[in-house]
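Take a look at the structure below.

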Amino acid sequence: MSFNLQLLNLFFGMCRGTHGLPLALHNLGYIPELVEPSFNNSEDRLVAPDLVLASAQIHHTVVLEWKSGANTEADQLQRYSQVTPADLIAKAYIHRNKCETHDVAIIGRDEHRVRIPIGVVDGGFGFPVLVTTLQGIEIIRNAFSSAQTDAAFRDLEVNWGTLPTTFFPLDNDSGLWEFAEHAIPHALEEMVKGSPRIMLDELGKRMIPLWDRMRPDHKGQLKQKIQRVMNRAAQVEFRIHFERGAMRGGAINTPHWNIIDNPLVGAADKRQKAWKAMLKKHQALIDYYRNPEGQEVLELNEGEAV
Amino acid sequence: MGVRARRGFWSADRLGAGQGPPVAGIRIVLRPTTLFALQSTRSGSAQFMPITTRREMAGWLEEVMSHAYTELEERQRLEAGTSLLKTYLLEAHSGNAEHGDVLRILTAAFSTDALGERSGAQIHETEEEFFFRVEANWATNSAEFYVDATDHRFWVLHSASNSLKADRILRRVIANDNHLDCAWLPMQLLEHVTTMGVFKGLHLDYDHREVPDVEFDVPDAPVEYLKMQLWGNRARDILRILRQPDAFSSATTLSKVKIKHYLDDQRIDEAWFSLDEVKWDGKITARGTSYQSHINLVNSIYRSYAEKVRGFEERFGLRYEAAEGAPAAANAMSGEPFNITFSRPIGNLEKFLSAVFSGTEPFRLWGAPVSINENYFRVTALDLHVTNRITFEVARDFIRVYLPHGSCGNTVVRLYTNLQHYYDSQVLLTAGGGESLF
């Protein structure tokens, strides 16, 4: 899972009080207000943090920017320094009760703990700088202006091994096996509804949160990955159930897969057998992408093989 | 065949001019139901004009209840062919259903495609909207059901047919249909039911063999199964003893409770009551003197259940939405995962996952578990009850459950209730921060 997805899922989980994660942020009433928003600061320049958390309980907002690389950008930090509560209220739509005070915090990786604070120090900014460590998250520079928030981030222990993964399951860095894992249940859901085809854009919407407001280049990369796993499924594991739809000259001008055999509707005893077979096929598809070297030819269903 | 008229409770629309309510001394007892059907006094099988209204049904079912009560009181057994009243709580997924939609769901659910070969069914519409009579047979079983779908989602089915046969047919219908499911009553809800009347007894039913994640023939193995019936007022004491930490706390699962439910305050009127046995799968068996008392209890239980399920969907369903007053681009997420925790770690994760996510009864969850690491799996699953997506993160000592917006809260209640019966009686369902949900 990418650094971005790890932190998004971690903060969503912590704010929701998810089992297995520290409860400090949840107990302070923080909720994730905005994911990857963009709004203008008091100098009318754009800022685009990764996440904004806010608490009505302690009237404080935290604007989070994380960096998977070693460096911060001076211009970006300067823009963040000009974000005011008025901007948060008027342009980021945070309730005024939640942003009487605020902090901008920068989070980097442990291996960049030396370089990541440099821009903050050189710019004379007071942003708290944090790094992810094997044990959790650690503040390495400055402090949050809210003492309670600062206390919540001190010695924040995180079990990275059981991090939530479902709030935001996929991004451009996710493996094809993860796309296969998520795409097929959606495709089967369509089959149960009796749909004649599975549309790529519909799959994307259902698999990936914030699909409709995603940047076109990001969306394009995600579409490619979905298309790859669906094409593979249509050619091999699920070939008796759906096939790649023709685009050029066809009635539908976007990528899609036509359902050609649907055992998930009809007599109950046949459906039950079909679900069992679908489970094997789905597992085979995931295994193919997780371990393409070690593929075995599995007999799936009366002469089908992968 | 001795056929007699149902005892004469008065009703404005049934009684001719000059007739009136029975008067007993100076106290007039007004009964809440109007009863019109005719019933055989010997066989218990209905000999009547087809029931076409809920009111007529109530009258006939009260006769069934009271006949069964008298039989059991006087003879301690039911005559052949006589049966108790069975009420089944069913959850249907039909969107904003119209009468015709309910009819279509029933027709499909009782069709040969669903029930299988050697089956047949007739769905009769009645004088009332959302009220149907179903005659069904499958193999050697036949049964009649009255379907009250007044609440388009939380249906109530009644039957006076043979219990075994009615159960078999309905179980098959539910297993094979993807609109219908039982209302699953976790044991906390059953315990709550015991406060709705005079407690009379309980059943325990725990069977770990359904999720065989451990070896049962080793010295420290957990309890394999524990089933027990306890009738009488001391049943609660036994339950308390079994739940002691050094006894069988993780294998003591309440599966059925029996209560005497009065129509009115018992101190005011003891005459009208129902003796109800409420089972964890939403089946309620009744006898007694008052159908109204029974249906009041049924409605109370169903209300508690429905509030939970709807509340779960509202609070936990994950959705991405704009902040209040903000343009759509300013997205945030609402909802949160459910947390399930166990009293002991899962023995063998892979076996556990394979049992729970095979797509078969009782869990009806379908999904290919993928390992994130050795002790942590994710399952992007489908609930085969309504074919909704639902995602699970499973570690040795907890499960996180993510319900997408629009998915059915029943899925979570079914999983939780079945884990109580088939895995760990002390399993907990909590919200963020550990708030207990039952």
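## Where the chains meet

This is a predicted model. About 4000 Å² is buried between chain A and chain B. Carbon and sulfur atoms give 58% of that area. The contact involves 47 residues of chain A and 47 residues of chain B.

Three salt bridges are found across the interface of chain A and chain B. One of the salt bridges in the model joins the side chains of A:Glu189 and B:Arg389, at 3.1 Å from N to O. Polar contacts between chain A and chain B come to 21 residue pairs, with both residues at pLDDT 80 or more.

## Chain A's side of the interface

Which elements of chain A give two or more residues to the side that touches chain B? They are helix 1, strand 1, helix 7 (176-193) and helix 10 (268-290). Helix 10 of chain A gives the largest share, 10 residues. By type, the residues on this side of chain A are 23 nonpolar, 15 polar and nine charged.

## The seven-stranded sheet

Chain A has an open sheet of seven strands. The strand order is 1-4-5-6-7-8-9, and the pairing is mixed. Strand 1 (30-35) and strand 9 (156-157) of chain A each have a single partner strand, so one side of each is left without a neighbour in the sheet.

Follow the sheet to strand 9 of chain A. Strand 8 (residues 136-141) and strand 9 of chain A run antiparallel and are joined by two bridges. In one pairing, A:Ile137 has A:Leu156 of strand 9 as its bridge partner. Helix 1 (residues 3-16) of chain A packs on this sheet. Helix 1 touches strands 1, 4, 5, 6, 7, 8 and 9 of chain A. Its direction makes about 145 degrees with that of strand 1 of chain A.

## The three-stranded sheet

Chain A also has an open sheet of three strands, in the order 10-12-11. Here the pairing is antiparallel. Strand 10 (197-199) and strand 11 (242-244) of chain A are the edge strands, and each pairs on one side only. From one strand to the next, the twist averages 25 degrees.

Three bridges link strand 10 of chain A to strand 12 (residues 256-259) of chain A. What stands opposite A:Met199 in strand 12 of chain A? The residue is A:His256.

Helix 8 (residues 200-207) of chain A lies across strand 10 and strand 12 of chain A, at about 60 degrees to strand 10.

Methods: Residues are numbered from 1 along each chain as its sequence is written. Chains are lettered from A and ligands numbered from 1 in the order in which they are written. This is a predicted model: local features need pLDDT of at least 70, side-chain atom pairs count only at pLDDT 80 or more; totals for chains, interfaces and linings use all residues. Side-chain values use heavy atoms; hydrogens and water are left out. Two strands pair if DSSP finds at least two bridges between them. Helices (H or I, at least four residues) and strands (E, at least two) are DSSP runs, numbered from the N terminus. Contact means heavy atoms within 4.5 Å. Axes are lines fitted to C-alpha atoms, for helices over the stretch in contact, and angles run from 0 to 180 degrees between N-to-C directions. Buried area is the accessible area (1.4 Å probe) that two parts lose on being put together, summed over both. A salt bridge is a side-chain nitrogen of Lys or Arg within 4 Å of a carboxyl oxygen of Asp or Glu. A polar contact is a pair of N or O atoms within 3.5 Å; within protein, one must be able to donate a hydrogen and the other to accept it, and residues adjacent in sequence count only if both atoms are side-chain atoms. Ala, Val, Leu, Ile, Met, Phe, Trp, Tyr, Cys and Pro count as nonpolar, Asp, Glu, Lys and Arg as charged, and the others, Gly among them, as polar.
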